[in-house]
Amino acid sequence: MQRFGSSGGLLCDIAAFQREDCYLDHYIRDFPCLSKGHEVSLTSSSKRIPPSLFRWLESCLKHGCSCTSISHLPTLIFKYGSSVVNRGRKIVSFYSLLCGAELLGKRLSSSVSCAVASGSFNTPEELTVLSMVGERVGLQQLDLLLAGVSLPLRDAHLWQLAQRTTDLPFGRRAFTRATTCTLLTEALTVPKLVLAGWLPAQQNATVNLDPNVRNVQELKS
């Protein structure tokens, strides 16, 4: 963090010298201690807005990928580089596909590259999961992200698993998503058993079994 603070101080000085108050405000928000000695005036003639990955993600979720400007993204996102930049590229590609971006070869309509695993898909969620497989990003990697960033991707992954509800054995289905996290000294809480399934082949009909039914023949009717 000390190295980042030194870089932040240098960036603040450059922004103040160039009278780029929007950039100065951006850097000070990340490093509040740098506010001393710098006066931010957002009413200046500077109109340039610094790129922000979080601003792009928020806009993508609200308005869709096609209505979100790539000018919000740092230019390094579109290039291969360090692992930090590469991780940002993957997040942008996942959000792009989840919010309706088109797959154009190895690139998306949002101008970022993405490796997509082979497989059939009918929904943006299914295509997003295939891209996560192609980019070798699983739940372990999602745990390293901020909760607000990883949540839509977890939902896409859960959507893909919920389609197989009727195919999974009851015991395996209950813990597919690791719904319970306990310590060795804690009692294990069994999640509620969901006896419902989605049948895509029958116009997305939902079948909800009654747990009180004891006669198997009644389920066939």
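Me: How much space lies in the second largest pocket?

Reply: The model is predicted: local features need pLDDT of at least 70, side-chain atom pairs count only at pLDDT 80 or more, and totals for chains, interfaces and linings use all residues. Residues are numbered from 1 along each chain as its sequence is written, and side-chain values use heavy atoms, without hydrogens or water. On a 1 Å grid over the protein atoms alone, a pocket is an open set of points where a 1.4 Å probe fits, with protein on both sides within 12 Å along at least five of seven lines. Grid points are joined across faces, edges and corners, and a volume is the space filled by probe spheres set on the points, which for the second largest pocket is about 160 Å³.

Me: Which element gives the largest share of the lining of the second largest pocket?

Reply: Lining residues have an atom within 4 Å of a pocket point; of the 13 here, Arg87, Lys90, Val137, Gln141 and Leu145 are the closest to the centre. Helices (H or I, at least four residues) and strands (E, at least two) are DSSP runs numbered from the N terminus. Helix 4 and helix 6 are the elements that give two or more residues to this lining. The largest share, 6 residues, comes from helix 4.

Me: Which element holds both glutamate 58 and lysine 62?

Reply: Buried means under 20% relative accessible area, exposed over 50%, and partly exposed in between (1.4 Å probe, protein chains only). Glutamate 58 is therefore partly exposed at 43%, and lysine 62 is exposed at 59%. The two residues are 4 apart, about one turn of the helix, and both lie in helix 3 (residues 53-63).

Me: How far apart in sequence are the parts that arginine 89 and glutamate 135 tie together?

Reply: The side chains of arginine 89 and glutamate 135 meet in a salt bridge of 3.1 Å, N to O. Arginine 89 lies in helix 4 (residues 83-98) and glutamate 135 in the loop between helix 5 (124-134) and helix 6 (139-142), so the parts tied together are separated in sequence by 46 residues.

Me: Is leucine 127 buried or exposed?

Reply: Leucine 127 is found in helix 5. Leu97, Leu103, Val116 and Phe121 touch leucine 127, not counting residues up to four places away in sequence; contact means heavy atoms within 4.5 Å. With a relative accessibility of 7%, leucine 127 counts as buried.

Me: Near what value is phi of serine 111?

Reply: Most residues other than glycine have a negative phi. Serine 111 lies in the loop between strand 2 (107-108) and helix 5 and is partly exposed at 32%. In this residue other than glycine, phi is positive, near 80°.

Me: Where is the place of arginine 136?

Reply: Phi of arginine 136 is also a positive value, near 60°. At 72% relative accessibility, arginine 136 counts as exposed. Its place is in the loop between helix 5 and helix 6.

Key: A salt bridge is a side-chain nitrogen of Lys or Arg within 4 Å of a carboxyl oxygen of Asp or Glu.
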